[in-house]
Amino acid sequence: MFNAITHSQIYVLDQDQALDFYVGKLGLEVNADVDMGFMRWLTVSVPGHPDRQVLLEKPGPPAMSEETAEQVRELLTKGALGSALILTTDDCRKTYETLLARGVEFTDEPTERPYGIDCGLRDPFGNHLRFTQLKD
């Protein structure tokens with residue numbers, strides 16, 4: 001039936017600030033940055049893996065009313081929308097140190113887990129992100 005997931009979406013409050021964070025600090029790359037008139041279609045992915053993109057979307061029309069968008073923005077800033085993105089890395093501790101030096105706000109330091117080494121962070125909007133070094 002299906003053979004791939006190509007896009008996921010997370011809400012951000014400011015797409016330029018999101019670019020600075022996701023590309024400038026986390027090291028993802030831009031796949032698309034298109035003004036569609038009614039919205040800006042902005043996607044990023046892990047370098048070299050454009051087959052799995054994340055849409056950095058501002059809550060609002062045309063997908064939702066302004067009233068609903070305001071509720072989503074409030075939940076987002078409270079960190080109440082759950083995990084937004086989980087990434088993998090070859091070296092969790094080294095990635096943690098690199099991102100810490102870039103000013104990334106962490107919620108969990110690298111910790112041994114049954115599946116590998118894992119840590120958590122937040123983007124500037126309240127989204128929860130994690131990255132994991134999976135066990136061999």
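Leu 121 is buried, with a relative accessible area of 2%; buried here means under 20% relative accessible area, exposed over 50% and partly exposed in between, using a 1.4 Å probe and protein chains only. This is a predicted model, in which local features need pLDDT of at least 70 and side-chain atom pairs count only at pLDDT 80 or more, while totals for chains, interfaces and linings use all residues. Residues are numbered from 1 along each chain as its sequence is written, and side-chain values use heavy atoms, with hydrogens and water left out.

Leu 121 belongs to strand 7, residues 116-122. Helices (H or I, at least four residues) and strands (E, at least two) are DSSP runs, numbered from the N terminus. Beyond its neighbours within four places in sequence, Leu 121 has contacts (heavy atoms within 4.5 Å) that include Phe 21, Leu 26, Val 104, Phe 106, Leu 129 and Phe 131.

Let's turn to helix 2.

Which residues of helix 2 are buried? They are Ala 69, Val 72, Arg 73 and Leu 76. Viewed down the axis of helix 2, the buried residues fall within an arc of 100°, so they line one face of the helix; the arc is taken from the directions from the helix axis to the C-beta atoms. These buried residues pack against strand 1 (7-11).

## Backbone on either side

Pro 62 sits in the loop between strand 4 (53-57) and helix 2 (66-77). The peptide bond from Pro 61 to Pro 62 is cis, with omega near 5°. Just after helix 2, Gly 79 has a positive phi of about 75°.
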